[in-house]
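User: Could you walk me through reading aromatic ring pairs in a protein model? I'd like the general idea and then a real case.

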Amino acid sequence: MTKMIAGQALIKTLEDWGVDHVYGIPGGSINHTVEGLFLEKASVKYIQVRHEEVGAIAASADAKYTGKIGVAFGSAGPGATHLFNGLYDAKMDHVPLLALVGQVPQAIMNTNYFQEFDEVPMFSDVAVYNRTITTAEQIPYVINQAIREAYRQKGVSVVVIPENLAEAEIDYKPTKTPKVVANNYSQTVDPKAITDTLAMIKAAKHPLIYAGRGLLGARDVLEKFSEQFSIPIINTVPATGVISTDHPNSIGTFGRLGSKSGFEALQHADLILFLASEFPFARFWPKNIKIIQVNNNPFDIGKTVDVDYAVISDAKSYLQGMIDTGETVDEGVWLKANRENRKNWLTWLDELAEDDSHGLNPETVMKKVAEISGPKDTFGVDTGNVSEWGVRGVPMNHEQRFAISGLFATMGFGLPAGLAGALSVPDSQAWSFSGDGGFAMVAPDLITEVRYQLPVINVVFSNKRFGFIYHEQVQTKQHFYGVDLTDADWAKVAEGFGAIGFTVKTIADVVKVFGDIQKLQAAGNKKPIVVNAIIQSDDPIPTDFMPLDPELYDQKMIDQYATAFHIDPKKQPSLGALLRAQGDTL
(Lines give C-alpha, C1' and ligand atoms only; values in the text may rest on other atoms or scores of the structure.)
Protein backbone atom coordinates (compact mmCIF):
# COMPACT_ATOMS: atom_id res chain seq x y z
CA MET A 1 0.00 0.00 0.00
CA THR A 2 1.04 3.59 -0.62
CA LYS A 3 -0.09 6.64 1.33
CA MET A 4 -1.45 9.50 -0.78
CA ILE A 5 -4.32 11.96 -0.86
CA ALA A 6 -7.55 10.45 -2.11
CA GLY A 7 -7.61 12.89 -5.04
CA GLN A 8 -4.39 11.32 -6.31
CA ALA A 9 -5.80 7.81 -5.79
CA LEU A 10 -8.78 8.88 -7.89
CA ILE A 11 -6.53 9.84 -10.80
CA LYS A 12 -4.51 6.64 -10.46
CA THR A 13 -7.76 4.71 -10.84
CA LEU A 14 -8.50 6.60 -14.06
CA GLU A 15 -4.98 5.80 -15.23
CA ASP A 16 -5.60 2.08 -14.58
CA TRP A 17 -8.53 2.27 -17.00
CA GLY A 18 -6.42 3.83 -19.74
CA VAL A 19 -7.66 7.40 -19.33
CA ASP A 20 -4.91 9.73 -20.52
CA HIS A 21 -6.63 13.13 -20.42
CA VAL A 22 -9.36 14.85 -18.41
CA TYR A 23 -11.22 18.11 -19.10
CA GLY A 24 -12.35 20.68 -16.56
CA ILE A 25 -11.97 23.98 -14.70
CA PRO A 26 -10.62 24.18 -11.11
CA GLY A 27 -12.79 25.40 -8.27
CA GLY A 28 -12.75 25.53 -4.49
CA SER A 29 -14.86 22.38 -4.17
CA ILE A 30 -12.73 20.23 -6.48
CA ASN A 31 -9.22 21.55 -5.89
CA HIS A 32 -7.83 18.32 -4.41
CA THR A 33 -8.99 16.33 -7.42
CA VAL A 34 -7.03 18.88 -9.44
CA GLU A 35 -4.13 18.35 -7.04
CA GLY A 36 -4.34 14.66 -7.89
CA LEU A 37 -4.07 15.59 -11.57
CA PHE A 38 -0.93 17.60 -10.77
CA LEU A 39 0.64 14.70 -8.89
CA GLU A 40 -0.14 12.29 -11.77
CA LYS A 41 0.52 14.73 -14.61
CA ALA A 42 3.11 12.42 -16.15
CA SER A 43 0.36 9.89 -16.88
CA VAL A 44 -2.93 11.79 -17.12
CA LYS A 45 -3.01 15.13 -18.91
CA TYR A 46 -5.24 17.86 -17.50
CA ILE A 47 -6.93 19.89 -20.26
CA GLN A 48 -8.02 23.28 -18.96
CA VAL A 49 -11.08 24.27 -20.98
CA ARG A 50 -12.74 27.71 -20.90
CA HIS A 51 -16.22 26.34 -20.23
CA GLU A 52 -17.22 23.09 -18.54
CA GLU A 53 -19.77 22.47 -21.32
CA VAL A 54 -16.92 22.26 -23.81
CA GLY A 55 -15.10 19.78 -21.58
CA ALA A 56 -18.15 17.54 -21.24
CA ILE A 57 -18.91 17.65 -24.98
CA ALA A 58 -15.27 16.88 -25.77
CA ALA A 59 -15.37 13.92 -23.36
CA SER A 60 -18.46 12.61 -25.17
CA ALA A 61 -16.70 13.04 -28.51
CA ASP A 62 -13.67 11.15 -27.16
CA ALA A 63 -15.94 8.17 -26.49
CA LYS A 64 -17.53 8.44 -29.94
CA TYR A 65 -14.15 8.42 -31.67
CA THR A 66 -12.49 5.66 -29.67
CA GLY A 67 -15.07 3.71 -27.65
CA LYS A 68 -13.03 4.55 -24.53
CA ILE A 69 -14.62 6.44 -21.66
CA GLY A 70 -14.36 10.24 -21.70
CA VAL A 71 -13.85 12.14 -18.44
CA ALA A 72 -14.76 15.72 -17.46
CA PHE A 73 -15.14 17.53 -14.15
CA GLY A 74 -16.80 20.59 -12.69
CA SER A 75 -16.85 22.22 -9.28
CA ALA A 76 -19.96 22.49 -7.11
CA GLY A 77 -22.81 24.70 -8.30
CA PRO A 78 -22.25 26.37 -11.67
CA GLY A 79 -19.33 24.10 -12.57
CA ALA A 80 -21.65 21.13 -12.15
CA THR A 81 -24.60 22.60 -14.03
CA HIS A 82 -22.38 23.63 -16.95
CA LEU A 83 -21.64 19.96 -17.62
CA PHE A 84 -25.17 19.04 -18.60
CA ASN A 85 -25.06 19.53 -22.38
CA GLY A 86 -22.17 17.13 -22.80
CA LEU A 87 -23.63 14.61 -20.35
CA TYR A 88 -26.98 14.49 -22.12
CA ASP A 89 -25.21 14.16 -25.46
CA ALA A 90 -23.42 11.07 -24.13
CA LYS A 91 -26.62 9.69 -22.62
CA MET A 92 -28.66 10.09 -25.80
CA ASP A 93 -25.98 8.58 -28.05
CA HIS A 94 -25.13 5.76 -25.62
CA VAL A 95 -21.43 6.37 -25.05
CA PRO A 96 -19.48 5.99 -21.76
CA LEU A 97 -18.64 9.18 -19.89
CA LEU A 98 -17.52 9.87 -16.32
CA ALA A 99 -18.38 13.20 -14.68
CA LEU A 100 -16.49 14.13 -11.52
CA VAL A 101 -18.49 16.73 -9.60
CA GLY A 102 -17.15 18.80 -6.73
CA GLN A 103 -19.04 19.34 -3.50
CA VAL A 104 -18.41 21.54 -0.48
CA PRO A 105 -16.78 19.84 2.56
CA GLN A 106 -19.07 17.51 4.49
CA ALA A 107 -19.04 19.67 7.61
CA ILE A 108 -20.87 22.48 5.82
CA MET A 109 -23.16 20.43 3.59
CA ASN A 110 -26.86 21.13 4.24
CA THR A 111 -26.10 24.57 5.73
CA ASN A 112 -26.96 26.68 2.68
CA TYR A 113 -23.29 27.35 2.13
CA PHE A 114 -21.84 29.16 -0.88
CA GLN A 115 -22.37 27.10 -4.08
CA GLU A 116 -23.70 24.15 -2.02
CA PHE A 117 -26.79 22.28 -3.09
CA ASP A 118 -28.03 18.71 -3.37
CA GLU A 119 -26.36 17.50 -6.54
CA VAL A 120 -27.39 13.83 -6.73
CA PRO A 121 -31.05 14.51 -7.64
CA MET A 122 -29.90 16.95 -10.28
CA PHE A 123 -28.09 14.18 -12.17
CA SER A 124 -30.65 11.44 -11.59
CA ASP A 125 -32.10 11.58 -15.09
CA VAL A 126 -28.86 11.79 -17.05
CA ALA A 127 -26.81 9.19 -15.17
CA VAL A 128 -26.80 5.39 -15.19
CA TYR A 129 -24.66 5.54 -12.02
CA ASN A 130 -24.95 8.47 -9.61
CA ARG A 131 -23.20 8.43 -6.22
CA THR A 132 -21.85 10.78 -3.57
CA ILE A 133 -18.61 9.74 -1.87
CA THR A 134 -19.00 9.28 1.93
CA THR A 135 -15.47 8.26 2.97
CA ALA A 136 -12.09 9.06 1.48
CA GLU A 137 -11.10 5.38 1.46
CA GLN A 138 -13.95 4.44 -0.91
CA ILE A 139 -12.97 6.90 -3.66
CA PRO A 140 -10.94 4.41 -5.76
CA TYR A 141 -13.63 1.76 -5.37
CA VAL A 142 -16.50 4.06 -6.37
CA ILE A 143 -14.59 5.48 -9.33
CA ASN A 144 -13.84 1.93 -10.46
CA GLN A 145 -17.50 0.96 -10.20
CA ALA A 146 -18.60 4.16 -11.93
CA ILE A 147 -16.39 3.38 -14.93
CA ARG A 148 -17.63 -0.21 -15.06
CA GLU A 149 -21.26 0.94 -15.10
CA ALA A 150 -20.61 3.60 -17.74
CA TYR A 151 -19.19 0.91 -20.00
CA ARG A 152 -21.77 -1.73 -19.11
CA GLN A 153 -24.77 0.52 -19.60
CA LYS A 154 -23.20 2.73 -22.31
CA GLY A 155 -23.99 5.92 -20.49
CA VAL A 156 -23.00 8.56 -17.98
CA SER A 157 -21.62 7.92 -14.51
CA VAL A 158 -21.56 10.79 -12.02
CA VAL A 159 -19.49 10.80 -8.84
CA VAL A 160 -19.95 13.69 -6.40
CA ILE A 161 -16.84 14.28 -4.27
CA PRO A 162 -16.94 16.41 -1.07
CA GLU A 163 -13.72 18.39 -1.09
CA ASN A 164 -12.55 17.34 2.39
CA LEU A 165 -12.58 13.68 1.31
CA ALA A 166 -10.43 14.25 -1.78
CA GLU A 167 -7.97 16.05 0.49
CA ALA A 168 -7.70 13.24 3.07
CA GLU A 169 -4.73 10.88 3.03
CA ILE A 170 -5.50 7.20 2.49
CA ASP A 171 -3.70 3.91 1.99
CA TYR A 172 -3.98 3.26 -1.74
CA LYS A 173 -3.76 -0.23 -3.19
CA PRO A 174 -4.62 -0.82 -6.85
CA THR A 175 -7.31 -3.44 -7.41
CA LYS A 176 -6.16 -6.75 -8.84
CA THR A 177 -9.38 -7.21 -10.79
CA PRO A 178 -8.55 -6.96 -14.51
CA LYS A 179 -9.92 -3.85 -16.18
CA VAL A 180 -11.80 -5.80 -18.82
CA VAL A 181 -14.77 -4.40 -20.68
CA ALA A 182 -16.31 -6.59 -23.38
CA ASN A 183 -17.40 -3.90 -25.85
CA ASN A 184 -17.18 -6.21 -28.85
CA TYR A 185 -18.67 -9.33 -27.38
CA SER A 186 -20.45 -11.82 -29.59
CA GLN A 187 -23.50 -13.92 -28.93
CA THR A 188 -24.86 -17.22 -30.09
CA VAL A 189 -27.71 -16.30 -32.41
CA ASP A 190 -30.90 -18.33 -32.30
CA PRO A 191 -30.70 -20.64 -35.38
CA LYS A 192 -34.45 -20.21 -35.91
CA ALA A 193 -33.94 -16.44 -36.25
CA ILE A 194 -31.34 -17.07 -38.96
CA THR A 195 -33.64 -19.48 -40.83
CA ASP A 196 -36.74 -17.29 -40.52
CA THR A 197 -35.12 -14.03 -41.53
CA LEU A 198 -33.18 -15.66 -44.35
CA ALA A 199 -36.51 -16.72 -45.81
CA MET A 200 -37.90 -13.21 -45.43
CA ILE A 201 -34.90 -11.69 -47.18
CA LYS A 202 -35.06 -14.16 -50.05
CA ALA A 203 -38.78 -13.50 -50.47
CA ALA A 204 -38.30 -9.74 -50.61
CA LYS A 205 -38.06 -7.97 -53.93
CA HIS A 206 -36.55 -4.74 -52.62
CA PRO A 207 -34.72 -5.42 -49.31
CA LEU A 208 -32.79 -2.65 -47.58
CA ILE A 209 -30.25 -2.61 -44.73
CA TYR A 210 -30.61 0.19 -42.17
CA ALA A 211 -27.43 0.17 -40.05
CA GLY A 212 -26.88 1.97 -36.75
CA ARG A 213 -23.99 2.88 -34.42
CA GLY A 214 -23.98 -0.55 -32.83
CA LEU A 215 -22.24 -1.84 -35.97
CA LEU A 216 -19.33 0.61 -35.81
CA GLY A 217 -16.20 -1.48 -35.89
CA ALA A 218 -17.93 -4.25 -37.88
CA ARG A 219 -17.50 -2.74 -41.34
CA ASP A 220 -16.01 -5.87 -42.90
CA VAL A 221 -18.88 -8.07 -41.74
CA LEU A 222 -21.55 -5.57 -42.82
CA GLU A 223 -20.02 -5.11 -46.27
CA LYS A 224 -19.56 -8.87 -46.74
CA PHE A 225 -23.23 -9.48 -45.85
CA SER A 226 -24.39 -6.71 -48.19
CA GLU A 227 -22.35 -8.15 -51.06
CA GLN A 228 -23.36 -11.75 -50.42
CA PHE A 229 -27.07 -10.95 -50.35
CA SER A 230 -27.00 -8.01 -52.82
CA ILE A 231 -28.70 -5.54 -50.46
CA PRO A 232 -28.05 -1.76 -50.48
CA ILE A 233 -27.16 -0.09 -47.18
CA ILE A 234 -28.49 3.06 -45.54
CA ASN A 235 -26.83 4.15 -42.29
CA THR A 236 -28.11 6.40 -39.55
CA VAL A 237 -26.30 9.74 -39.29
CA PRO A 238 -24.47 8.88 -36.02
CA ALA A 239 -23.32 5.66 -37.73
CA THR A 240 -21.55 7.54 -40.53
CA GLY A 241 -18.54 5.37 -41.34
CA VAL A 242 -20.22 2.08 -40.46
CA ILE A 243 -19.78 1.31 -44.15
CA SER A 244 -17.16 2.89 -46.35
CA THR A 245 -18.66 5.95 -48.02
CA ASP A 246 -17.21 4.85 -51.35
CA HIS A 247 -18.54 1.29 -51.18
CA PRO A 248 -20.84 0.73 -54.18
CA ASN A 249 -23.64 -0.62 -51.95
CA SER A 250 -23.61 2.43 -49.66
CA ILE A 251 -26.47 4.73 -50.65
CA GLY A 252 -26.26 7.34 -47.89
CA THR A 253 -28.69 8.31 -45.17
CA PHE A 254 -32.36 9.17 -44.76
CA GLY A 255 -33.99 12.33 -43.45
CA ARG A 256 -33.13 15.96 -43.66
CA LEU A 257 -29.42 15.19 -43.30
CA GLY A 258 -29.69 12.47 -45.88
CA SER A 259 -29.41 11.79 -49.59
CA LYS A 260 -31.77 11.48 -52.52
CA SER A 261 -30.70 7.87 -52.91
CA GLY A 262 -31.52 7.12 -49.27
CA PHE A 263 -34.94 8.78 -49.36
CA GLU A 264 -36.03 7.09 -52.58
CA ALA A 265 -34.80 3.65 -51.58
CA LEU A 266 -37.17 3.78 -48.62
CA GLN A 267 -40.10 4.69 -50.86
CA HIS A 268 -39.60 1.50 -52.87
CA ALA A 269 -38.34 -0.95 -50.23
CA ASP A 270 -40.51 -3.86 -49.15
CA LEU A 271 -38.25 -5.12 -46.32
CA ILE A 272 -35.91 -3.28 -43.94
CA LEU A 273 -33.24 -5.08 -41.98
CA PHE A 274 -33.02 -2.63 -39.03
CA LEU A 275 -29.67 -3.26 -37.35
CA ALA A 276 -28.13 -2.02 -34.09
CA SER A 277 -30.13 1.19 -33.79
CA GLU A 278 -33.05 2.86 -32.06
CA PHE A 279 -33.31 5.47 -34.83
CA PRO A 280 -36.08 7.85 -33.64
CA PHE A 281 -37.12 8.90 -37.14
CA ALA A 282 -38.03 5.34 -38.11
CA ARG A 283 -41.59 6.41 -37.32
CA PHE A 284 -41.47 8.41 -40.57
CA TRP A 285 -40.69 5.40 -42.75
CA PRO A 286 -43.43 4.34 -45.18
CA LYS A 287 -45.96 2.19 -43.34
CA ASN A 288 -46.21 -0.72 -45.75
CA ILE A 289 -42.66 -2.06 -45.29
CA LYS A 290 -41.88 -5.26 -43.38
CA ILE A 291 -39.22 -4.76 -40.72
CA ILE A 292 -36.74 -7.18 -39.15
CA GLN A 293 -35.09 -5.52 -36.14
CA VAL A 294 -31.84 -6.84 -34.67
CA ASN A 295 -30.71 -5.38 -31.35
CA ASN A 296 -28.95 -6.74 -28.28
CA ASN A 297 -31.20 -4.64 -26.04
CA PRO A 298 -34.73 -6.08 -26.06
CA PHE A 299 -36.12 -2.76 -24.84
CA ASP A 300 -34.92 -1.01 -27.99
CA ILE A 301 -36.82 -3.40 -30.24
CA GLY A 302 -40.10 -1.86 -31.34
CA LYS A 303 -39.37 1.34 -29.39
CA THR A 304 -39.61 3.66 -32.39
CA VAL A 305 -41.42 1.55 -35.00
CA ASP A 306 -43.48 -1.65 -35.00
CA VAL A 307 -41.53 -4.59 -36.36
CA ASP A 308 -42.51 -7.85 -38.01
CA TYR A 309 -39.66 -9.96 -36.66
CA ALA A 310 -37.40 -9.34 -33.65
CA VAL A 311 -33.92 -10.80 -33.27
CA ILE A 312 -32.33 -10.30 -29.84
CA SER A 313 -28.64 -10.39 -30.68
CA ASP A 314 -25.76 -8.08 -31.35
CA ALA A 315 -25.96 -7.24 -35.02
CA LYS A 316 -22.40 -8.27 -35.89
CA SER A 317 -23.00 -11.82 -34.64
CA TYR A 318 -26.32 -11.97 -36.49
CA LEU A 319 -24.75 -10.87 -39.78
CA GLN A 320 -21.93 -13.37 -39.36
CA GLY A 321 -24.51 -16.08 -38.77
CA MET A 322 -26.26 -15.11 -42.01
CA ILE A 323 -22.95 -15.10 -43.89
CA ASP A 324 -22.09 -18.53 -42.52
CA THR A 325 -25.21 -20.05 -44.12
CA GLY A 326 -23.41 -19.79 -47.43
CA GLU A 327 -26.63 -18.58 -49.05
CA THR A 328 -26.37 -15.88 -51.72
CA VAL A 329 -28.62 -13.59 -53.72
CA ASP A 330 -27.57 -12.53 -57.21
CA GLU A 331 -27.28 -8.86 -58.05
CA GLY A 332 -30.50 -7.68 -59.64
CA VAL A 333 -32.13 -4.53 -60.92
CA TRP A 334 -32.88 -3.32 -57.38
CA LEU A 335 -29.24 -3.11 -56.27
CA LYS A 336 -28.03 -1.80 -59.64
CA ALA A 337 -30.67 0.96 -59.74
CA ASN A 338 -29.81 2.06 -56.20
CA ARG A 339 -26.14 2.21 -57.11
CA GLU A 340 -26.93 4.35 -60.16
CA ASN A 341 -29.17 6.62 -58.10
CA ARG A 342 -26.39 7.12 -55.56
CA LYS A 343 -23.88 7.87 -58.31
CA ASN A 344 -26.20 10.49 -59.83
CA TRP A 345 -26.62 12.14 -56.42
CA LEU A 346 -22.87 12.38 -55.90
CA THR A 347 -22.50 13.85 -59.39
CA TRP A 348 -25.03 16.54 -58.46
CA LEU A 349 -23.08 17.40 -55.29
CA ASP A 350 -19.94 17.68 -57.41
CA GLU A 351 -21.70 20.08 -59.76
CA LEU A 352 -22.62 22.28 -56.81
CA ALA A 353 -19.00 22.18 -55.66
CA GLU A 354 -17.86 23.50 -59.03
CA ASP A 355 -20.27 26.45 -59.15
CA ASP A 356 -19.80 29.72 -57.27
CA SER A 357 -21.84 31.89 -59.62
CA HIS A 358 -24.27 32.76 -56.81
CA GLY A 359 -21.72 32.66 -54.02
CA LEU A 360 -19.66 29.93 -52.44
CA ASN A 361 -21.39 26.58 -51.99
CA PRO A 362 -20.51 24.58 -48.86
CA GLU A 363 -20.06 21.55 -51.11
CA THR A 364 -16.95 23.25 -52.55
CA VAL A 365 -15.34 23.26 -49.12
CA MET A 366 -16.38 19.70 -48.31
CA LYS A 367 -15.06 18.42 -51.63
CA LYS A 368 -11.69 20.02 -50.93
CA VAL A 369 -11.65 18.53 -47.42
CA ALA A 370 -12.31 15.10 -48.91
CA GLU A 371 -9.44 15.59 -51.35
CA ILE A 372 -6.81 16.55 -48.78
CA SER A 373 -7.82 14.70 -45.62
CA GLY A 374 -5.90 11.65 -44.49
CA PRO A 375 -6.89 8.02 -43.87
CA LYS A 376 -7.03 8.39 -40.06
CA ASP A 377 -8.48 11.90 -39.74
CA THR A 378 -11.21 12.77 -37.24
CA PHE A 379 -14.27 14.83 -38.17
CA GLY A 380 -16.33 16.64 -35.52
CA VAL A 381 -19.58 17.97 -36.99
CA ASP A 382 -21.81 20.57 -35.30
CA THR A 383 -25.61 20.73 -35.29
CA GLY A 384 -27.58 22.67 -37.93
CA ASN A 385 -27.28 22.96 -41.69
CA VAL A 386 -23.60 22.15 -41.21
CA SER A 387 -24.69 18.64 -40.24
CA GLU A 388 -26.06 18.16 -43.75
CA TRP A 389 -22.89 19.36 -45.44
CA GLY A 390 -20.70 17.34 -43.09
CA VAL A 391 -22.61 14.08 -43.34
CA ARG A 392 -22.83 14.31 -47.13
CA GLY A 393 -19.23 15.35 -47.61
CA VAL A 394 -16.81 13.77 -45.13
CA PRO A 395 -14.85 10.81 -46.51
CA MET A 396 -15.17 7.71 -44.31
CA ASN A 397 -13.46 5.15 -46.51
CA HIS A 398 -10.38 4.20 -44.49
CA GLU A 399 -9.86 4.57 -40.72
CA GLN A 400 -11.37 8.03 -40.36
CA ARG A 401 -13.53 8.70 -37.29
CA PHE A 402 -16.72 10.72 -37.08
CA ALA A 403 -18.55 12.40 -34.20
CA ILE A 404 -21.81 14.33 -34.15
CA SER A 405 -24.41 15.15 -31.52
CA GLY A 406 -26.88 12.60 -32.81
CA LEU A 407 -30.03 12.40 -30.70
CA PHE A 408 -29.44 15.35 -28.37
CA ALA A 409 -28.34 17.57 -31.29
CA THR A 410 -26.70 20.29 -29.24
CA MET A 411 -25.28 23.29 -31.02
CA GLY A 412 -21.66 23.99 -30.18
CA PHE A 413 -20.58 20.36 -30.63
CA GLY A 414 -18.13 20.95 -33.49
CA LEU A 415 -15.22 22.77 -31.87
CA PRO A 416 -15.09 20.56 -28.74
CA ALA A 417 -15.23 17.49 -30.98
CA GLY A 418 -12.30 18.84 -32.98
CA LEU A 419 -10.40 19.36 -29.73
CA ALA A 420 -11.22 15.79 -28.68
CA GLY A 421 -10.09 14.39 -32.01
CA ALA A 422 -6.68 16.01 -31.70
CA LEU A 423 -6.23 14.54 -28.20
CA SER A 424 -7.77 11.09 -28.74
CA VAL A 425 -6.24 10.37 -32.15
CA PRO A 426 -3.01 12.40 -32.05
CA ASP A 427 -1.46 10.73 -35.10
CA SER A 428 -4.09 12.18 -37.43
CA GLN A 429 -5.47 15.51 -38.60
CA ALA A 430 -8.43 16.73 -36.55
CA TRP A 431 -11.21 18.70 -38.26
CA SER A 432 -14.26 20.51 -36.93
CA PHE A 433 -17.19 21.84 -38.94
CA SER A 434 -19.54 24.47 -37.51
CA GLY A 435 -22.09 27.01 -38.57
CA ASP A 436 -21.54 30.58 -37.42
CA GLY A 437 -24.32 30.13 -34.84
CA GLY A 438 -22.88 27.05 -33.17
CA PHE A 439 -19.29 28.29 -33.39
CA ALA A 440 -20.17 31.51 -31.56
CA MET A 441 -21.32 29.44 -28.56
CA VAL A 442 -17.91 27.85 -27.96
CA ALA A 443 -15.38 29.99 -29.85
CA PRO A 444 -13.35 30.95 -26.73
CA ASP A 445 -12.11 27.38 -26.49
CA LEU A 446 -9.95 28.08 -29.50
CA ILE A 447 -7.71 29.31 -26.69
CA THR A 448 -7.64 25.72 -25.38
CA GLU A 449 -6.47 24.46 -28.76
CA VAL A 450 -3.80 27.21 -28.75
CA ARG A 451 -2.70 26.41 -25.17
CA TYR A 452 -2.11 22.74 -25.90
CA GLN A 453 -0.71 23.27 -29.41
CA LEU A 454 -3.47 21.35 -31.17
CA PRO A 455 -3.48 22.18 -34.90
CA VAL A 456 -7.17 21.47 -35.45
CA ILE A 457 -8.62 22.78 -38.72
CA ASN A 458 -11.90 24.45 -37.70
CA VAL A 459 -14.17 25.25 -40.65
CA VAL A 460 -16.92 27.81 -39.96
CA PHE A 461 -19.72 28.14 -42.51
CA SER A 462 -20.89 31.74 -42.20
CA ASN A 463 -24.25 32.81 -43.62
CA LYS A 464 -25.51 35.09 -40.84
CA ARG A 465 -28.47 32.93 -39.88
CA PHE A 466 -29.59 29.92 -37.88
CA GLY A 467 -30.11 28.13 -41.18
CA PHE A 468 -31.71 24.94 -39.90
CA ILE A 469 -34.35 26.86 -37.94
CA TYR A 470 -34.81 29.37 -40.77
CA HIS A 471 -35.80 26.42 -42.97
CA GLU A 472 -38.33 25.25 -40.37
CA GLN A 473 -39.88 28.72 -40.28
CA VAL A 474 -40.14 28.59 -44.08
CA GLN A 475 -41.80 25.18 -43.96
CA THR A 476 -44.31 26.24 -41.32
CA LYS A 477 -44.97 29.61 -42.99
CA GLN A 478 -43.91 31.59 -39.92
CA HIS A 479 -42.45 35.05 -39.80
CA PHE A 480 -38.66 35.03 -39.95
CA TYR A 481 -37.86 36.00 -36.42
CA GLY A 482 -34.85 35.34 -34.22
CA VAL A 483 -32.99 33.46 -36.92
CA ASP A 484 -30.80 36.27 -38.27
CA LEU A 485 -27.30 36.58 -36.83
CA THR A 486 -25.02 39.55 -36.39
CA ASP A 487 -21.93 38.78 -38.39
CA ALA A 488 -18.42 38.36 -37.02
CA ASP A 489 -15.08 37.99 -38.76
CA TRP A 490 -14.12 34.57 -37.46
CA ALA A 491 -10.69 34.69 -39.08
CA LYS A 492 -9.83 37.81 -37.06
CA VAL A 493 -11.40 36.30 -33.95
CA ALA A 494 -9.10 33.32 -34.42
CA GLU A 495 -6.07 35.56 -34.69
CA GLY A 496 -7.11 37.38 -31.53
CA PHE A 497 -7.16 34.06 -29.68
CA GLY A 498 -3.70 33.12 -31.00
CA ALA A 499 -4.86 30.85 -33.82
CA ILE A 500 -4.41 31.19 -37.58
CA GLY A 501 -7.32 32.66 -39.53
CA PHE A 502 -8.31 32.43 -43.19
CA THR A 503 -11.36 33.63 -45.11
CA VAL A 504 -12.74 32.02 -48.27
CA LYS A 505 -15.51 33.39 -50.50
CA THR A 506 -14.89 31.74 -53.89
CA ILE A 507 -13.70 28.48 -55.38
CA ALA A 508 -10.35 30.12 -56.11
CA ASP A 509 -10.07 31.13 -52.44
CA VAL A 510 -10.77 27.57 -51.34
CA VAL A 511 -8.08 26.16 -53.63
CA LYS A 512 -5.47 28.67 -52.46
CA VAL A 513 -6.28 28.64 -48.74
CA PHE A 514 -6.45 24.89 -48.37
CA GLY A 515 -3.23 24.61 -50.34
CA ASP A 516 -1.63 27.02 -47.85
CA ILE A 517 -3.04 25.00 -44.96
CA GLN A 518 -1.52 21.80 -46.35
CA LYS A 519 1.88 23.51 -46.47
CA LEU A 520 1.50 24.79 -42.89
CA GLN A 521 0.57 21.38 -41.54
CA ALA A 522 3.34 19.64 -43.49
CA ALA A 523 5.82 22.09 -41.97
CA GLY A 524 4.80 21.07 -38.45
CA ASN A 525 2.32 23.82 -37.56
CA LYS A 526 1.18 23.62 -33.92
CA LYS A 527 -1.50 26.30 -34.00
CA PRO A 528 -5.22 25.72 -34.58
CA ILE A 529 -6.61 27.07 -37.83
CA VAL A 530 -9.97 28.68 -38.50
CA VAL A 531 -11.36 28.86 -42.04
CA ASN A 532 -14.17 31.40 -42.19
CA ALA A 533 -16.17 30.20 -45.22
CA ILE A 534 -18.56 32.94 -46.39
CA ILE A 535 -21.27 30.90 -48.10
CA GLN A 536 -24.36 31.76 -50.10
CA SER A 537 -27.48 31.62 -47.97
CA ASP A 538 -29.67 29.20 -49.95
CA ASP A 539 -31.02 26.23 -48.00
CA PRO A 540 -29.25 22.91 -48.49
CA ILE A 541 -31.48 20.58 -50.45
CA PRO A 542 -33.79 18.88 -47.92
CA THR A 543 -33.87 15.14 -48.41
CA ASP A 544 -36.55 14.20 -45.92
CA PHE A 545 -39.13 14.63 -48.69
CA MET A 546 -38.09 14.63 -52.35
CA PRO A 547 -41.10 14.55 -54.68
CA LEU A 548 -39.43 13.70 -58.00
CA ASP A 549 -41.17 10.48 -59.12
CA PRO A 550 -44.14 11.25 -61.46
CA GLU A 551 -45.85 8.00 -60.48
CA LEU A 552 -45.87 9.00 -56.81
CA TYR A 553 -46.29 12.80 -57.01
CA ASP A 554 -48.11 15.22 -59.30
CA GLN A 555 -46.14 17.22 -61.85
CA LYS A 556 -46.83 20.56 -60.18
CA MET A 557 -45.25 19.37 -56.94
CA ILE A 558 -42.27 17.95 -58.84
CA ASP A 559 -41.74 21.21 -60.76
CA GLN A 560 -41.99 23.34 -57.60
CA TYR A 561 -39.46 21.20 -55.76
CA ALA A 562 -37.05 21.04 -58.69
CA THR A 563 -37.21 24.82 -59.19
CA ALA A 564 -36.78 25.64 -55.51
CA PHE A 565 -33.65 23.52 -55.16
CA HIS A 566 -32.15 23.88 -58.64
CA ILE A 567 -32.36 20.17 -59.44
CA ASP A 568 -32.78 18.83 -62.97
CA PRO A 569 -35.01 15.70 -62.97
CA LYS A 570 -33.42 14.67 -66.27
CA LYS A 571 -29.99 14.52 -64.65
CA GLN A 572 -31.45 13.19 -61.42
CA PRO A 573 -34.08 10.66 -62.46
CA SER A 574 -35.97 9.13 -59.57
CA LEU A 575 -35.20 5.63 -58.35
CA GLY A 576 -38.69 4.68 -59.49
CA ALA A 577 -37.87 5.80 -63.02
CA LEU A 578 -34.61 3.85 -62.98
CA LEU A 579 -36.44 0.73 -61.83
CA ARG A 580 -39.24 1.11 -64.35
CA ALA A 581 -36.74 1.58 -67.18
CA GLN A 582 -35.54 -1.95 -66.44
CA GLY A 583 -38.99 -3.42 -65.97
CA ASP A 584 -38.85 -3.63 -62.17
CA THR A 585 -41.52 -2.08 -59.96
CA LEU A 586 -42.79 -2.77 -56.49
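Analyst: Happy to; we'll take the overall fold and then the ring pairs. Keep in mind that this is a predicted model.

User: Where do we start with the fold? How many helices and strands are in the protein chain?

Analyst: The protein chain has 23 helices and 19 strands. Its radius of gyration is 25 Å, close to the 25 Å that the globule rule gives for 586 residues, so the chain is as compact as a globular protein of that length. Of those 586 residues, 57% count as buried. Among contacts between residues at least 6 apart in sequence, 74% join residues at least 24 apart.

User: Now the rings. What describes a pair of aromatic rings?

Analyst: Two things: the distance of the centres and the angle of the planes. In this model, the count comes to 22 aromatic pairs. Take F263 and F545: their ring centres are 6.3 Å apart and their planes stand at 90°, so this pair is edge-to-face, a label used for angles over 60 degrees.

User: Which parts of the chain does the pair of F263 and F545 tie together?

Analyst: F263 lies in helix α11 (residues 260–268), while F545 lies in the loop between β19 (529–534) and α22 (555–564), so the pair ties together parts that are 282 residues apart in sequence.

User: Is F263 buried or exposed? And what about F545?

Analyst: F263 counts as buried, at 4% relative accessibility. F545, at 40%, counts as partly exposed.

User: Which residues do ring pairs link into a cluster?

Analyst: Y210, F274, F279, F281, F284 and W285 are joined that way.

Technical notes
Residues numbered from 1 in each chain as written. Predicted model: local features only at pLDDT ≥ 70, side-chain atom pairs only at ≥ 80, totals over all residues. Heavy atoms only, no water. Helix = DSSP H or I, 4+ residues; strand = E, 2+ residues; numbered from the N terminus. Rg over C-alpha atoms; globule rule 2.2 N^0.38 Å. Buried < 20%, exposed > 50% of the residue type's maximum accessible area, 1.4 Å probe, protein only. Contact = heavy atoms within 4.5 Å. Phe/Tyr/Trp six-rings, centres within 6.5 Å; stacked < 30°, edge-to-face > 60°.
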